[in-house]
Amino acid sequence: MPEKPNESVRVRIAPSPTGDLHVGTARAALFNELFASHHGDNGSFIIRVEDTDFERSKPEFEENILEGLRWLGLNWQEGPDVGGLYGPYRQSERVAEHQKVVQELLDKKLAYFCEGNHGENKCDCRQKNLTSGAVRLIVESKEVTFEDLVRGTVKVHTDSFGGDFVVARAVDNPLYHLAVVYDDEAMQITHVIRGEDHIHNTIKHILIQEALGYTRPIYAHLPLLLDDNRKKLSKRNKETSLLAYRDMGYLPQTMMNYLALLGWNNGDDREYYTHDELAQAFTIERVQKAGAIFSIVKLASMNKHYLSELSDEELFAWAKAYYDKNGIEIQEPERLLQALKTELGRFASYDIGGTPLHEAMAWHASDWATDYSDVSLTFRQKPDTQTPEIKKSTQAIISELSSIISTIPEGEWTAKHLEEFLINWIDSNQKGRGEYLWPLRVALTGREHSPTPFAVAEAIGKSDVLRRLQDARDSLK
RNA sequence: GGCUCCAUCGUCUAACGGCUAGGACAUAGCCUUCUCAAGGCUAAGAUAGGGGUUCGAUUCCCCUUGGAGCUACCA
């Protein structure tokens, strides 16, 4: 019996538009969204763009972030693109309010102006009574404790980070810590679910909240996504842009499912979930504490699974996105779709063992041709071991195939029937299956590794099959 | 260095003191087979180490070791 949610929860993701949407940010967004969705109508997921770093923030990054979150399949109730009652949802548009807060801290003598860079050293600006400069919050020497939903009690002494810290470059130029605290209060955020790398920031945030008399949200720090060296996932070692994975051929349902399972599980062996199933099952109590390596291998296997579940329309759209992106025109959409279906289960992305999708699919074209020089048309032979005698016998086999295949009526031209017919013919004539099926398959695809000739034959049609057999035969002369 | 967090197969993880530590991915083998996949079966593979508490620790506590994160007038 699932518990009935009764209290409203408001959570947010606060990406900073200083780069493409990072998979780690996407996962944090997903966990927030699942948490909100789990609470149904009582849950709100909010996007707030933290663009107070004017130097590095760029509109195109904001667009990339929103596009990525949309692509992933997340739903948000409030954000810069959809608005909401607690807007604006871009921090740069909220500086006037932040400025008031900075002034308030100053007026209440909870903060003071400070000049110069003080680094590690304790600064003495507090005694100087300056009237401009950076604004530093007064922090008393004490232990700060908070309850983390994932980690339990976290305790940090304010001395460990030097006490007083800067909350604004100037009265009208607030820093991240202050902006976050004010905005979370103003937007009535109930739960702050973010990466573990924010744990120390949380202490500072609590200090600001206490100074201002704000409500402390409930914190949950997620384990980090790691690279193969167990370091925080970064662009140095691995592709970190979510949409780059889309462009490699990973499906949004794959990414969502995989990301959800990185640091969360339902306590059983289940691995495949839809968004709604995840939302139904998701609880922060089941979030892992240890960091998790982002593994492309597992991602690929999951993508294979989801690819095989696609409808014809979805599969075609998946391929079309690749062709469009690479500026390749699809001449014969129906034939391409049929070809894709034969290859399904053999690829996990747009890259098939080093071969790009359009090359692997080249055989679908009705005018496809190859010189067969890199492959052997003869079973159990390499291209360079084909003596004239071997070539001759392969020619004979191909001729035989052509004549029996030409007897199959168009109405019975299906992979299933072709298989029954050809296997039966081969077996009843005491021939070797490989002897015949290998040359047939290579003649149709030009590849030593490919789908079965029956499926390929159905996809390209009878006349094309006969033409390719002829071409293959001619190549052996 | 200081502060904080973390620790089950190679990887993601299950087992909220009690069956032989389970599953998935990856790996290997076998079956199937025209190839590569897929599929089926099987194998190998983990509780970091040491102390406690307990009738009994993967599980609770401590120490050690190891790893990670943070350590900005970035976010």
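Analyst: Domain bounds come from an automatic or database domain assignment. Keep that in mind here, for this is a predicted model.

User: Which domains does the assignment of chain A give?

Analyst: There are four entries: domain 1 (9-82 + 224-299), domain 2 (91-222), domain 3 (310-364) and domain 4 (383-475).

User: How do I read the way domain 3 meets domain 4? What separates their centres?

Analyst: Start with the centres. Over C-alpha atoms, those of domain 3 and domain 4 lie 24 Å apart. Then look at contacts. Eight residues of domain 3 touch eight residues of domain 4. On the domain 3 side, two are nonpolar, three polar and three charged.

User: Now the cores. Why look for nonpolar residues together?

Analyst: In soluble globular proteins, nonpolar side chains tend to be buried together. Here, the largest nonpolar core has 76 residues. Ala26, Leu30 and Leu178 have the most contacts inside it. Helix α1 (residues 23-38) gives the most to this core, nine residues. Domain 1 and domain 2 each supply at least three.

User: What does Leucine 178 touch?

Analyst: Leave out residues up to four places away in sequence. Leucine 178 then touches His98, Val101, Val102, Val167, Ala168 and Ile208. Another core, of 31 residues, lies apart from the largest one; Tyr350, Leu377, Ile398 and Ala443 are among its members.

How values were computed. Residues numbered from 1 in each chain as written. Chains lettered and ligands numbered in written order. Predicted model: local features only at pLDDT ≥ 70, side-chain atom pairs only at ≥ 80, totals over all residues. Core = buried A, V, L, I, M, F, W, Y, C linked by C-beta atoms within 7 Å. Buried ≥ 20, exposed ≤ 12 C-beta atoms within 10 Å, placed from the backbone. Helix = DSSP H or I, 4+ residues; strand = E, 2+ residues; numbered from the N terminus. Contact = placed C-beta atoms within 7 Å. Nonpolar A, V, L, I, M, F, W, Y, C, P; charged D, E, K, R; others polar.
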